[in-house]
Amino acid sequence: MKKYKKDKNFKRWHDRRSKKIGQKPKLRKKTYRYDSFKKNNQNYTQFAPKTVLAPPNLKLLEETEDCLDFIWRLRQKSNLNNTGKYRYIQMSLENVEAIDYSTICILIALKGDLKANNIFLRVILPKNNKCQEYITDSGLLNDMFKESGENFPESKKSDLLFIEKGIKKLTRDDNIRISETVQNVVGHLTGTKAHCKQLRTILLEICGNSIEWAETKNNQWLIGVKYEKNKVIFTITDVGKGILKTLKKKFAAQLKDIFTSKKNDEVLRGAFIKKYGSKSNKINRNKGLPAIKSGFDDGLLKDLKVLTNNVILHYDKNESSKVLTEPISFKGTLYRWVITKNSLRN
């Protein structure tokens, strides 16, 4: 009987024979012909992964509602893909023409939160080369892979510091990393590395406050630092419950009248002037928000924005602050500000 090389029985016979004569069986690489299947089968879409499509403008501070809707869809279980034990959310940024660092830091924090739940975040990069370069520089692609299986390059134009929550106090390593980051910022803006006591104090206070208040499974806050020409952008991001939800949970009985008579943006402003207490009731806590406001009032922090739950505060443009229309909201907290060479002199 004539044997054909592509016949399964011949392959088994050949492997057995190779073992007998001392040869190593030839490893056969599996080939997947998804592209040809996609081309020839009209029903291929039912096998394609569910993908969350981003809007063209992903600038959180300009198109807040559209960006928050996109982030909300990324967190929905209905968009989860399963491949055996591997679970992932696939987001497509291919149509994105504009994006800002605030959106990117939320996506980085969200990536960490999903990973803590054994869910991975896949990304389809923008067709726009400028956006693609900005995303690469931001650090979003750190620890992520290309379709070829290779790592994306590590970003050297931004610093990402993850601060662990629930440890009651900042570790020595956290203190060192924050101090080094402050020196790098001053060095980038002035050409000489040096300390900035007020900036360091703000970061230490907000991180200490974050440890006390935050509630996420991945147990981390993200400090993002983006180095640009003549300025540095800071973000501090958490994808937990948010300030207002936390306040209402911890102080519902004491502050019932305040919450029923005031709008959410007024309640949030009250938190920045230390109007409400802290979970621990210690004198040295709840200084994070007042420290940020003090830095803004002193001229160190520029373009200060705060997003939490259904409120976005523009401290630099009060008239732009607003309470978002339900059901649009952000499950978490984002602080964002800019530091320049002139603001350091202040």
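Predicted model: local features only at pLDDT ≥ 70, side-chain atom pairs only at ≥ 80, totals over all residues.
**Entry 1: the sheet**

I started with the sheet: seven strands make an open one, ordered S7-S8-S9-S13-S10-S11-S12, with antiparallel pairing. Strands S7 (158-164) and S12 (322-323) stand at the edges with a single partner strand each, so one side of each has no neighbour in the sheet.

S7 pairs with S8 (residues 220-228) in the antiparallel sense, over seven bridges. Leu160 stands opposite Gly224 in S8.

**Entry 2**

Next I checked S10 (residues 302-309) and S11, which pair antiparallel over four bridges. How many residues does the hairpin from S10 to S11 pass through? I found that one residue makes the join. Val306 has Leu313 in S11 as its bridge partner.

I followed S11 on to S12: two bridges join them, and they run antiparallel. Here Val311 stands opposite Val323 in S12.

Which way do the residues of S11 (residues 311-314) point? Val311 and Leu313 go one way and Ile312 and His314 the other, and all are buried.

**Entry 3: the cores**

I looked up the largest nonpolar core, which has 43 residues. Leu58, Phe70, Leu74, Ile89, Met91, Leu93 and Leu307 touch the most other members. The elements giving two or more residues to this core are H3 (64-74), S4 (86-92), H4 (101-116), S6 (120-124), H5 (129-138) and S13 (330-340). H4 gives the largest share, nine residues.

Leaving out residues up to four places away in sequence, Phe70 touches Val52, Leu53, Ala54, Pro55, Leu58, Met91, Leu93 and Leu107. Apart from this core lies another, of 37 residues, including Val182, Tyr227, Tyr315 and Leu344.

**Entry 4: helix H6**

I listed the buried residues of H6: Asp174, Ile178, Ser179, Thr181, Val182, Val185, Val186, Gly187 and Leu189. What follows H6? It is Gly191, with a positive phi near 90°.

**Entry 5: cysteines**

Cys67 has 0% relative accessibility, so Cys67 counts as buried. Cys196 is at 12%, so Cys196 counts as buried too.

How values were computed. Residues numbered from 1 in each chain as written. Heavy atoms only, no water. Pairing = 2+ DSSP bridges. Core = buried A, V, L, I, M, F, W, Y, C linked by side-chain atoms within 4.5 Å. Buried < 20%, exposed > 50% of the residue type's maximum accessible area, 1.4 Å probe, protein only. Contact = heavy atoms within 4.5 Å.
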